[in-house]
Amino acid sequence: MLEGGTLSSDEFAKFAEKVVLFLHVTTHVDADPDQELFEEKGGDGFPYMVYMDAGGNVVSKMDRPYTVEAFEGALGKAATYLEMVKKAEGGDKAAGLEVLISQLENGALKADEAKKKLAGLPKPSAEQEPRLNGALANAEVKQVMEDQEAATAKKFIEMLKAKRTPSDKEVAQGFYMAIMNYAEKQKDTVSFEAALGELEKMFADNPNAKGFFDAKRKALDKMKEGGK
Amino acid sequence: MTNRKLLPLAAALVAVLGARAIGGELEDKRDAKLKEAFIQKAGWVLDYTKAREEAKKAGKPILVYFTRSYSP
């Protein structure tokens with residue numbers, strides 16, 4: 001047990017003096033702040049632990065086991081990374097390469113962006129090469145999947161505009177959710193509102209859906225306020 | 001996107017709506033989570049902005065623990 005074990009230990013309390021501890025709880029309560037932070041910072045399963053800098057950038061990700069020794073190790077990596085960032089900002093290209101690899105490993109850099117930056121950087125060392133290749137492949141896979149999702153959503157938006165919509169309720173839910181997820185990222189208020197309206201009709205007799213739709217209406221208002 | 005890919009999206013929606021079915025229980029679960037002893041013991045900050053401000057002021061990195069209260 002992480003919370004009843006490591007995080008409750010005296011050893012951890014002593015270690016914690018070296019860092020600022022921030023606890024984020026995903027609650028599914030619409031009114032709670034920063035509920036999107038877990039996904040924004042690359043989380044895809046609980047528990048999820050990372051180090052961030054004061055700007056909120058992920059600088060090191062933690063893996064199991066979550067022991068104080070592992071926290072120390074990741075803290076060392078985070079400190080090294082932050083030193084490298086400073087050097088890279090000062091024009092050190094070797095440091096720039098290490099920063100790029102770390103950013104790829106932390107999911108903070110897209111494959112295309114990384115490839116462009118690599119053109120101006122030195123060749124990786126024997127230690128860096130497998131890290132770079134693996135992290136670049138991870139980023140490429142993610143990018144392909146994102147591109148596929150975007151292509152799918154664009155196709156669905158075309159279908160919606162042409163009033164060609166699914167008749168099966170379960171398929172329709174996925175259809176409209178795919179549109180809403182993509183439209184929200186693109187700040188496409190027209191498609192978002194159209195898909196939301198259809199989902200609201202489908203769940204009109206479900207009182208439990210009110211909170212979900214209220215939150216989506218608020219998100220729509222925010223998008224409209226921000227402009228496209 | 002095939003049915004196999006669409007259905008999880010539909011299931012996710014139903015799960016979200018299902019979670020709302022328990023209404024105030026979500027707040028109760030959150031409140032119970034925030035009272036857990038480990039939070040007090042090491043002094044976890046619960047506000048994202050405050051955590052970044054403290055990190056900037058102290059020149060320390062932030063260790064972030066993401067957890068959830070809506071299910072065990």
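Is strand 2 of chain A largely enclosed by the rest of the structure or left open, and why? I looked this up before anything else. Four of the five residues of strand 2 of chain A are buried, so the strand is largely enclosed by the rest of the structure. I call a residue buried if 20 or more other C-beta atoms lie within 10 Å of its own, exposed if 12 or fewer, and partly exposed in between, with C-beta atoms placed from the backbone. Helices (H or I, at least four residues) and strands (E, at least two) are DSSP runs numbered from the N terminus.

**Ground rules**

I am working with a predicted model, in which local features need pLDDT of at least 70 and side-chain atom pairs count only at pLDDT 80 or more, while totals for chains, interfaces and linings use all residues. Residues are numbered from 1 along each chain as its sequence is written, and chains are lettered from A and ligands numbered from 1 in the order in which they are written. I noted the model scores as ipTM 0.76 and pTM 0.70.

I traced an open sheet of four strands in the order 1(A)-1(B)-2(A)-3(A), with mixed pairing. Strand 1 and strand 3 of chain A stand at the edges with a single partner strand each, so one side of each has no neighbour in the sheet. Neighbouring strands of this sheet are turned by 30° against each other on average, direction ignored. I count two strands as paired if DSSP finds at least two bridges between them.

I then went through the pairs. Strand 2 of chain A (residues 48-52) runs antiparallel to strand 1 of chain B, with five bridges. In that pair Y48(A) stands opposite F66(B), and M49(A) stands opposite Y65(B).

Strand 2 of chain A also runs antiparallel to strand 3 of chain A (residues 58-61), through three bridges. Y51(A) has S60(A) as its bridge partner in strand 3 of chain A. The hairpin of these two strands has five residues between them, and G56(A) takes a positive phi near 90° there.

**Strand 1 of chain A**

I checked its cover: seven of its seven residues are buried. In a regular strand the side chains alternate between the two faces of the sheet. Here V20(A), F22(A), H24(A) and T26(A) point one way, and L21(A), L23(A) and V25(A) point the other way. Helix 4 of chain B, together with strand 1 of chain B, lies across strand 1 of chain A, and the helix runs at about 165° to strand 1 of chain A. Axes are lines fitted to C-alpha atoms, for helices over the stretch in contact, and angles run from 0 to 180 degrees between N-to-C directions.

I listed the elements of chain B from the N terminus as α-α-α-α-β. Of its 72 residues, 28% count as buried. Its mean pLDDT is 80, and 67% of its residues reach 70 or more; pLDDT is the predictor's confidence in each residue, from 0 to 100.

The contact takes 46 residues from chain B and 50 residues from chain A. Residues are in contact if their C-beta atoms, placed from the backbone, lie within 7 Å. Helix 1 of chain B gives the most to the side of chain B that touches chain A, with twelve residues. By class, that side has 31 nonpolar, four polar and eleven charged residues. I used Ala, Val, Leu, Ile, Met, Phe, Trp, Tyr, Cys and Pro as nonpolar, Asp, Glu, Lys and Arg as charged, and the others, Gly among them, as polar.

I also looked at K60(B), which lies in the loop between helix 4 and strand 1 of chain B. K60(B) is partly exposed, with 17 other C-beta atoms within 10 Å. Not counting residues up to four places away in sequence, K60(B) touches K18(A), V19(A), V20(A) and A55(B).

**Helix 6 of chain A**

I noted the buried residues of helix 6 of chain A (residues 128-161) as L132(A), A135(A), A139(A), A153(A), F156(A) and I157(A). These pack against helix 4 (93-105), helix 5 (111-118), helix 7 (169-186) and helix 8 (189-202) of chain A. Just after helix 6, K163(A) takes a positive phi of about 60°.

Note on methods:
Contact = placed C-beta atoms within 7 Å. Expected span 1.5 Å × (residues − 1).
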